[in-house]
Amino acid sequence: MDDPVTQEERRTEERAAGGAGDGATAHASIEVRPGFQHAAPSASNEKVFELHDISVFYAGVPAVRDITMDVFRHHVTALIGPSGCGKSTLIRCLNRMNDLIPTARVEGELLYHGEDLYGPRVDPIQVRKLIGMVFQKPNPFPKSIYDNVAFGPRVLGMKDDMDDIVEGALHSAALWDEVKDRLGSNAYGMSGGQQQRLCIARCIAVQPDVILMDEPCSALDPISTGKIEDLMAQLKQEFSIVIVTHNMQQAARVSDRTAFLMVELDADERHRWGRIVEYDETEKIFTNPSNPRTEDYVTGKVG
Amino acid sequence: MAVTGARGVTNEMLSAQPRKDVIRNTIFASLLFLAIALALAGLCVLIGKNLVEGWSRLNLDLITQNNSSNPAEAGLRNAIIGTIWIMAFVILMLVPLGVGAAVFLEEYGSRTSRITRLIEINIQNLAGVPSIIYGLLGLAFIARAPLSLGYTVLAAAMTLTLLVLPVVIIASREAIRAVPTSIREGSLALGATKWQTIRRQVLPAAIPGIATGVILAISRAIGETAPLIPLGAATFLTFTPSPTTDSFTAMPVTIFSWVKQPQPEFQTLAAAGVLLLIALLVVMNSFAIWLRNRYEQSW
């Protein structure tokens, strides 16, 4: 009856249910931090995330292990590394998207502005309001451009004028001029690059604190990629950004700090998981890495 | 020399396939064509025969006259009204129950839990239960105690709802499953709750598939005779009944009663009634197909 899967599911459900009950409190306790939003855009030393020995398991099998790193405010932080090294798993911990996978388990300590993100009183839904996400494949809703952007503010019950929110978000995503005359047309008629910028606009519209981007340009052509990279440089004035990328040049171009992850095998080679090899300022990672494995990877000798 | 050799090989590779393969292909294609031809022939014979027989009575009287013991005056008016009432109640119960069950199974039920799997298997089995069994169930539990609704439109509607519920559940589940996970993730990542995601993203995207399933289910229910007979559908009703208290009739039941009559005029009438019912089904199914094609979403 009590096989491990059902137990795990129950735990996840309880966590979600428990969180929902006092979500307001958790939200409040996170939001009342002074100077939390729209502070002066300076590359501060203020930490958004502090990860201590974070490990993620799927059905008991480790995907990433012992991740310890700090993510700073108004920085673009890049996660690079070969396929299967757990970059996506790691970024999905940061807004508790892993909760949606019943068998996923996160171990270790993950602080968000000093607050335990996996604490018993934290509601994952409130977390996702503050920490938005842009996915690998553009995933606009099958609705009009306007409704795509307005969806978030609507479900969150934001009271400001919706037209202003939509226009502002589309401006911030450098999409307004391209779509202002066809806000009512279906988002599926846009190009891939426009769709991805729409997803960014959708994310901005709910005024998050952090934007997580999971390989946002991997399905896009170089011109669209360039637009999104330019956008990131602007967005970091207002938000903190964490980006997963396969593309090392991209990490070098857009990020302030870079974490390099590598796959590790256990002794009998049955399990493999990701581990941080080096995490430092991007310039150092790409010009003068401390670890020879980082150097091999960024110079293209391996991977 | 080498070039001619190579060309020779190419020619050999491109030349006609062996005669045996050609014959096999032809035989197989013919068998497949025969299968579809037989299925269509059945339908054509049915429609053709009824057209020949019933053409003389296929006029407005058929739908404006109540049933009567005089075949010259008999029509389907009260049967059509009975069918409309039954279908209205069926839709009212079928849509929330069917869609609700599908949403639960797809979005809330765990894929691996034994209970969900048990429910799943049972729904599939229910779809295959003969309709007369549902009629007996309706008689035993709905018309009589515990529900004691009597032999009314409501009892008939509940019975037919149970009969076609599995069809709607299965179609709705498929429609819901076809909505990509990325849509759900996109919504959840904005801080929407699970219910907001289902209500405002998943269900709207699944509506064409759900609607198709509902229409197909209703077009099945509309033609069902067997489950209504144990429920005491009046085969011979000459007035328009009230939907909740009086006994009722429906189109297939009245047609069935005409077929049983000895007078040849009633046979003509029955043939005309069959044509009307088929026309109704064709219209509903075409609408379902149109709906599916019109709103088909390519992800």
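Modeller: This is a predicted model. Read along the sequence, chain B runs α-α-α-α-α-α-α-α-α-α-α. In numbers, chain B has 11 helices and 0 strands.

Biologist: What makes chain B more spread out than a compact globule?

Modeller: Set its radius of gyration against the globule rule. The rule gives 19 Å for 299 residues, and chain B has 26 Å, well over that, so chain B is more spread out than a compact globule. Along the principal axes, its C-alpha atoms fill a box of roughly 95 × 60 × 35 Å. Buried residues make up 35% of the 299 residues.

Biologist: Where does H7(B) bend?

Modeller: At B:Val164, by about 45°. A proline, B:Pro166, follows within four residues.

Biologist: What makes H7(B) mostly covered?

Modeller: The count of buried residues: 23 of its 25.

Biologist: Which residues of helix H8 (residues 181-188) of chain B are buried?

Modeller: B:Arg184, B:Gly186, B:Ser187 and B:Leu188 are. The buried residues of H8(B) pack against helix H4 (124-130) of chain A together with helix H9 (194-223) of chain B.

Biologist: Now chain A. Why is A:Ala78 called buried?

Modeller: The cut-off is 20 or more other C-beta atoms within 10 Å. A:Ala78 has 27, so A:Ala78 is buried. A:Ala78 sits in strand S3 (residues 76-80) of chain A.

Biologist: What is A:Ala78 in contact with, leaving aside neighbours within four places in sequence?

Modeller: A:Ile243, A:Thr245, A:Ala251, A:Ser255, A:Thr258 and A:Thr282.

Biologist: Which residues have the most contacts inside the largest nonpolar core?

Modeller: That core has 87 residues, and the ones with the most contacts inside it are A:Ala169, A:Ala201, A:Ile211, A:Leu212 and A:Ile241. Helix H8 (residues 192-205) of chain A gives the largest share, 7 residues. Apart from this core lies another, of 65 residues, among them B:Tyr134, B:Ile176, B:Ala205 and B:Ile215.

Biologist: What does A:Ala169 touch, not counting residues up to four places away in sequence?

Modeller: A:Val149, A:Ala201, A:Ile204 and A:Ala205.

Conventions
Residues numbered from 1 in each chain as written. Chains lettered and ligands numbered in written order. Predicted model: local features only at pLDDT ≥ 70, side-chain atom pairs only at ≥ 80, totals over all residues. Core = buried A, V, L, I, M, F, W, Y, C linked by C-beta atoms within 7 Å. Buried ≥ 20, exposed ≤ 12 C-beta atoms within 10 Å, placed from the backbone. Helix = DSSP H or I, 4+ residues; strand = E, 2+ residues; numbered from the N terminus. Contact = placed C-beta atoms within 7 Å. Bend = angle between axes of the 7 residues up to and from the residue. Rg over C-alpha atoms; globule rule 2.2 N^0.38 Å.
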